[in-house]
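Please open the model in a viewer and keep the sequence at hand. The tour begins with the whole chain and then turns to one of its elements.

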Amino acid sequence: NSMLKDFLWYFPAVLLPRFGAFALIIFGAKLLGSEQYGLLSLVIIIGEGADLVLTNWVRIGIARFGSSKNGLDRLFISATRELVSRTTILSAFFAGVVGAIIAPLHQSFSVCIACIAYIIGIATLRFSLAVAQTGGQRKLCSLIESSRASLSVIISIFCMYVFRNYLTVIFAQSTIAAIAGLIIWKKLNNNSLSDLLNELEVKNIITELKHFGYPLIFLGLLLQGITALDKFTLSLNFPMEILGKYYAAFAVARTPIDVLCSAMNTGAFIKISSLYNDGEFEKFSDLLGKQLLFIFSITLPIILVWYFCAGEIGELLAGKDYIEAFQESGLYIAIGAIAMNLRGNIFDAVLHMRMKNMLQIPALSCGLAVSASIALLSSGVNAFQMASNMYLWSSLSATAVAAIVSYTLIKIRLNIKKLISLIAVFVLSIPCWIYLISHIDLTIARVVVACSLCVTQMGFCVWLVKR
């Protein structure tokens with residue numbers, strides 16, 4: 001029940017930013033010229049990559065070491081603020097340099113400035129959110145992040161329409177993100193921090209946090225390789241039109257799964273960290289098992305949507321030119337996304353707790369090697385099939401290795417009866433899907449019926465897990 005409540009609280013805060021990013025993809029392609037839209041995408045890709053590799057480890061460390069039943073310590077949060085300030089400066093410098101090098105010569109300076117602004121904005125927001133979430137401020141996080149995402153979409157679309165310039169969009173998004181982060185920080189300083197630790201204890205925790213976090217920088221680079229190699233390979237071997245169609249299918253297939261799993265994991269990771277830090281290892285193992293079942297319950301029905309309606313989704317959202325990309329790629333991307341969320345939210349959580357983050361290397365290396373092998377062996381294969389198979393099999397192999405490694409450290413207590421029940425519901429529902437979908441000809445009606453069946457099946461599966 002607690003996990004479900006956390007999921008419902010954090011879902012709007014995860015959904016609206018993802019929905020906003022999806023809306024910007026659609027409006028940006030129409031309102032900005034091809035060069036300006038390309039520069040906007042370049043800044044976001046570089047900024048997100050730099051933040052993931054160089055700054056995200058501090059936010060994970062806050063949840064790992066800051067969460068306990070006694071609340072958040074003021075000195076600990078002050079120390080992590082100094083640490084995240086340094087990593088943000090490094091990340092902004094790195095993103096600015098990379099942006100200036102990659103961008104066309106006449107746009108190098110503007111891209112450099114845009115990357116720096118983007119990093120500062122999202123780092124301010126995400127640090128404040130990490131602290132608030134670790135402190136259990138669900139309502140504050142959901143309210144501020146939902147409002148921020150909505151305002152950011154509206155202002156960004158306005159800037160696109162009026163200025164037709166990517167730089168104004170980046171500045172608008174970054175300013176709104178930074179203001180939202182400062183508002184959260186102000187609220188936390190007033191209400192949520194306590195004085196539990198002395199300076200020496202905090203210094204020792206920060207030292208431990210650094211030892212925990214530094215390997216995550218290298219692991220972030222490996223993870224970027226798994227998630228980006230398919231698109232990089234397409235960009236080298238096929239026209240940009242193919243890459244654009246695949247990217248659209250990739251975003252639509254992966255986003256719903258990431259939104260659902262992120263909403264679930266935001267509260268769950270803090271809870272399992274608190275249980276582990278407080279020495280309640282049996283409850284920790286039980287909660288991980290329930291979390292795994294919950295991921296299956298909210299994601300397995302999505303596979304059926306893509307199996308029966310991939311082409312219709314492509315036609316409805318992107319147009320007839322995108323049908324092939326969605327048909328060839330959507331199902332594989334969805335399965336791969338489920339696997340990657342299991343790896344990140346369940347099996348990697350074990351490594352985070354046991355301070356064994358370098359043990360992620362075998363899983364990520366295996367996934368990267370599988371992806372590269374498929375790329376080398378897929379000469380003459382349909383571009384969409386090649387790229388989606390790269391993502392699918394690299395995700396599955398990385399997740400399988402991660403499951404084996406985590407099992408050697410902590411045995412997750414999984415309710416096998418409930419797992420079998422979820423699989424049985426999935427299999428037994430297929431005839432119902434076949435009957436209903438096969439009797440509908442109108443594209444939008446097929447998609448609506450498929451989504452309705454999916455939501456209904458999700459609800460039933462969640463009920464099975466929590467009863």
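Of the contacts in the chain with a separation of 6 or more, what percentage comes from residues 24 or more positions apart? Such residues account for 85% of these contacts. The model under view is predicted.

**The whole chain**

Display the complete chain as a cartoon. Its secondary structure comes to 15 helices and two strands. The radius of gyration is 22 Å, close to the 23 Å that the globule rule gives for 467 residues, so the chain is as compact as a globular protein of that length.

Next, switch to a surface display. The accessible surface of the chain comes to about 21000 Å², and carbon and sulfur atoms contribute 67% of that area. Of the 467 residues, 52% count as buried.

**Helix 10**

Now select residues 281–317, which form helix 10. This helix has 37 residues, yet its end C-alpha atoms are only 46 Å apart, whereas a straight helix would reach 54 Å at 1.5 Å a residue.

Where in helix 10 is the kink centred? Select Cys309: a kink of about 80° is centred on this residue.

With the rest of the chain shown around helix 10, examine how the helix is covered. Helix 10 is mostly covered, with 27 of its 37 residues buried.

Key. Residues are numbered from 1 along each chain as its sequence is written. This is a predicted model: local features need pLDDT of at least 70, side-chain atom pairs count only at pLDDT 80 or more; totals for chains, interfaces and linings use all residues. Side-chain values use heavy atoms; hydrogens and water are left out. Helices (H or I, at least four residues) and strands (E, at least two) are DSSP runs, numbered from the N terminus. The expected span of a helix is 1.5 Å times one less than its number of residues. The bend at a residue is the angle between axes fitted to the seven residues ending there and the seven starting there. Buried means under 20% relative accessible area, exposed over 50%, partly exposed in between (1.4 Å probe, protein chains only). The radius of gyration is taken over C-alpha atoms; the globule rule is 2.2 Å times the number of residues to the power 0.38. Contact means heavy atoms within 4.5 Å. Accessible areas come from the Shrake-Rupley method with a 1.4 Å probe; for residues, only the protein chains shown count as cover.
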